[in-house]
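Please read it alongside the sequence and the coordinates shown here.

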Amino acid sequence: MFSKKWNPDGKHVYITGGSTGLGLSLAQLLTKKGAHVSIVARNQDKLDKALASLEELRVNPSQILKAYSHSLDTASASTEALEAACHPFEGQAPDAVVTCAGGAAPGFFVELEEKDLFNGMQNNYWVQAWTAWAAAKKMAQQKKKGSKIVLVSSTLGLMSMLGWASYAPAKHALRGLADTLHSEMMLYGVSVSIFFPPTMSTPGLDQENKTKPAIVWKIEEGDGVLLTADQAAVSLWKGIEKGDAHITADFSTSLFRASGRGAMPRNNWILDGLYDFVAYIAVPFWRAGVDNQVRGHIQEHEEYLGKKGFYA
Ligand SMILES: NC(=O)C1=CN([C@@H]2O[C@H](COP(=O)(O)OP(=O)(O)OC[C@H]3O[C@@H](n4cnc5c(N)ncnc54)[C@H](OP(=O)(O)O)[C@@H]3O)[C@@H](O)[C@H]2O)C=CC1
Ligand SMILES: CCCCCCCCCCCCCCCC(=O)[C@@H](N)CO
């Protein structure tokens, strides 16, 4: 509980999804703190731009800053990407692995197709789980005590609502994996955490909002929280530095974190108790409001489905 803060200076941090959004902001923050940073994503142009932005922030000439283009869809590809990034470090596992890669495609359950639901799990569970698996093995084999694995879930990994059937299950699954590994990786002295960001203005949000049902955005927006990726990265960083198992960046998500803590340790004995109490009172009101909004939408939704030939 009173352990020393983690110092990233001279450490190697491996960040999936590091070319845009949250991952890029975290990569920039850690570069400024003197870490060696490896970022991984698919699109080479975005990686090139991201790496150039890291170069501008380097604080010493010995920092190793690299970008790798890999699709992290499979166990083998995720292992290969990690191996490539360890190469400049004589094959040593990274000191920290942060899996930011992911992407949402919200929609109504009855309109989603098999591939949409399948891809939701693929892009939001497996893309992070395979990297965690590859990293865990390497850290255990090399007895890298003190190293870290950090997964990235969402507010929607702690609660859910309409529109998120292809996404929230995967984000909840990541929480299940993180809580399991938080316990199991103690066998190797490796700490495991998970971050639950709220809505963040990122290229990913612009993309998902193109297809997001209006009512879903209305409820999401009603929360009134829209962090920049830089703000979210600061909270993520503080959580990593403190070694919190469950990391949040905003008030609402902290309510769900504290009230849905399960068997995980508290971040702060007093504050989390307060959050838990506030959640007990406030969340049912919020929920009743949302239920009303959804019920009030029944007719419009029926018309919308009718126009799309759903009942034909
Ligand atoms: N923005 C938001 O409102 C919220 C986001 N989150 C979560 O935070 C994380 C970051 O989100 P955000 O910054 O918005 O996302 P962005 O879409 O801005 O960035 C996603 C990053 O992941 C990479 N990526 C995606 N899929 C793959 C893949 N299969 N293999 C390798 N790289 C991949 C992308 O690059 P490329 O496409 O080139 O591969 C990009 O670098 C995600 O896990 C997201 O679910 C959670 C809560 C809210
Ligand atoms: C008193 C209690 C108040 C509670 C308010 C809670 C409101 C939460 C609404 C859902 C927000 C969804 C955020 C994550 C979005 C996300 O993961 C996607 N954008 C993925 O990119």
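How are H9 and H10 oriented to each other: roughly parallel or roughly perpendicular? The answer is in the first point below.

1. H9 and H10 are roughly perpendicular to each other, because they pack at an angle of about 100 degrees; their axes are 8 Å apart. Angles under 35 degrees count as roughly parallel, over 145 as roughly antiparallel, 65 to 115 as roughly perpendicular and the rest as oblique. Axes are lines fitted to C-alpha atoms, for helices over the stretch in contact, and angles run from 0 to 180 degrees between N-to-C directions. Ser254, Leu255, Phe256, Ala258 and Ser259 of H9 form the contact with residues of H10 that include Tyr275, Val278, Ala279 and Val283. Two residues are in contact if their C-beta atoms, placed from the backbone, lie within 7 Å.

2. On provenance and conventions, the model is predicted, with local features requiring pLDDT of at least 70 and side-chain atom pairs counted only at pLDDT 80 or more, while totals for chains, interfaces and linings use all residues. Residues are numbered from 1 along each chain as its sequence is written, and chains are lettered from A and ligands numbered from 1 in the order in which they are written. Helices (H or I, at least four residues) and strands (E, at least two) are DSSP runs, numbered from the N terminus. Ala, Val, Leu, Ile, Met, Phe, Trp, Tyr, Cys and Pro count as nonpolar, Asp, Glu, Lys and Arg as charged, and the others, Gly among them, as polar.

3. An open sheet of seven strands has the order E3-E2-E1-E4-E5-E6-E9, with parallel pairing. Its edges are strand E3 (65-69) and strand E9 (246-248), each of which pairs on one side only. Two strands pair if DSSP finds at least two bridges between them. On average, and ignoring direction, neighbouring strands of this sheet are turned by 20 degrees against each other. Strand E1 (residues 12-16) and strand E2 (residues 36-41) are joined by five bridges in the parallel sense, and Ile15 stands opposite Ile39 in E2.

4. H4 lies across E1, strand E4 (96-99) and strand E5 (148-152), and runs at about 175 degrees to E5. H4 also packs against helix H5 (residues 168-184) at an angle of about 20 degrees, with the axes 8 Å apart. H4 and H5 are therefore roughly parallel to each other. Among the residues in this contact are Met121, Tyr125 and Ala129 of H4 and Leu174, Leu177 and Leu181 of H5. The contact of H4 with H5 divides into 11 nonpolar, three polar and one charged.

5. H1 and helix H2 (residues 44-55) pack at an angle of about 25 degrees, their axes being 9 Å apart; H1 and H2 are therefore roughly parallel to each other. Leu24, Ala27, Gln28 and Thr31 in H1 meet Ala50, Ser53 and Leu54 in H2. Four of these residues are nonpolar, three are polar and none is charged.

6. Ligand 1 is surrounded by 32 residues, of which the closest are Gly17, Gly21, Arg42, Gly102 and Gly204. A residue is near a molecule or strand if its C-beta atom, placed from the backbone, lies within 6 Å of it. Helix H1 (21-32), helix H4 (114-141) and helix H6 (203-209) each give two or more residues to this shell. By class, the shell has 13 nonpolar, 16 polar and three charged residues.

7. Around ligand 2 there are 17 residues, the closest being Ser154, Thr155, Asp223, Ser252 and Ala282. H6, helix H7 (214-222), helix H9 (251-259) and helix H10 (269-295) each supply at least two residues. The shell around ligand 2 has nine nonpolar, five polar and three charged residues.
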